[in-house]
Amino acid sequence: MKILSMLTALVAFGLIGCSEKKMETIPVGEMKEYKDPGMGWSINYPATWPVVNAEVGHARFYNASGVDSKFRVPNEPGTSGVEISVDVAKTVDAAAEIRKNIAEMKSGGFQVEPEENVTVNGMPATKVKYGANYGKNSIIYGHHVYVTKDSLVYDLGFAGFGQMYGSYIQVMDAALNSFKAAKPKEKGADETLPSESFSTFNGKTVSFDYPDNFNSTNPGRGSYEEVAEFRGVRLDCSIRYDVSPAKGLTLEKAFEQKKGLIRGGSSGKATVGGQAAMTLTGAVTKDVQRKMYFVVRDDKIMRFTTDWFRPQSAQYGAAYDKVIASVKFK
């Protein structure tokens, strides 16, 4: 990343002191995928980081709560930290869009280094490093990577206060290398249906694949030991996984207690992740069907719940069969 050259330049600009004790490099830990709910691009970020102001075409990730406030008003007291950001713009002239963004940084008083031509997962990109001095303890270092793809410019931003920028550079690199641009939309395709391409969820007790146009709802864990949920473009279509104590119950006994969850539901048998499972299928509403898979393993009830739009049962059924087939327990 050639951080040294940038820091040397910023010393010359008077933006960094020579007496600061060097911070240790933060290693890359568990990462989590964020997928844009409308456009479909994705990027990984540290699993414990708060996601702030996420909406179609924009997202912000911070290493701690409250850091977003410090980035909004850098010269005010607050919690210093690091930021990863994504902003997407549609344009007929990507080069002009990038020049405009760089010009805005310069006019805002940023110290900007020369542009570098780079690639991100095979896509052409432009990298620009910068520094900004907002006063004592309010110096920001960062870089933007502008990725161009299918008439879109993705502005991937990485920034940190003081030495935090250099300390988190491995985390920033991991996020950048995980970035995937949105796939072009097929003319006439029903965009509400499950995608034919899949992403992978890696949890504490399980991993499984899910259509990559389904988005994590970041559900609260509540009384469950683990919970994950992915919702489709149609909000009544979803995939959920949760874990609760079995308290010594066998699969059959656990299923007997749970089968009232779907009134009038039909029961069946299956195999999930190499484990014997029991299923419960029935209607949730007039238009929505549900199928639940129950597995008892390590004295835990592991449940998968799939919901789908009844008129499109064949399409959702095919996608959900792939989800269940991909399950691997840990």
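## R231 and its partner

R231 is partly exposed, at a relative accessible area of 24% (partly exposed lies between buried, under 20%, and exposed, over 50%, with a 1.4 Å probe and protein chains only). Its side chain meets that of E229 in a salt bridge, 3.0 Å from N to O (a side-chain nitrogen of Lys or Arg within 4 Å of a carboxyl oxygen of Asp or Glu). E229 is buried, with a relative accessible area of 13%. Salt bridges with shared partners link E229, R231, R240, D242 and R303 in one network.

## Basis of the values

This is a predicted model, in which local features need pLDDT of at least 70 and side-chain atom pairs count only at pLDDT 80 or more, while totals for chains, interfaces and linings use all residues. Residues are numbered from 1 along each chain as its sequence is written, and side-chain values use heavy atoms, with hydrogens and water left out.

## E225 and K300

The structure holds 16 salt bridges, and one of them joins the side chains of E225 and K300 at 2.6 Å, N to O. E225 sits in the loop between β13 (215-216) and β14 (226-231), and K300 in strand β19 (residues 300-309), so the pair ties together parts 75 residues apart in sequence (strands are DSSP runs of E, at least two residues, numbered from the N terminus). Both residues are partly exposed: E225 has a relative accessible area of 31%, and K300 has 22%.

## D298 and R297

D298 forms a salt bridge with R297, where the closest N and O atoms are 3.4 Å apart. D298 is exposed, at a relative accessible area of 57%.

Technical notes:
Helix = DSSP H or I, 4+ residues; strand = E, 2+ residues; numbered from the N terminus.
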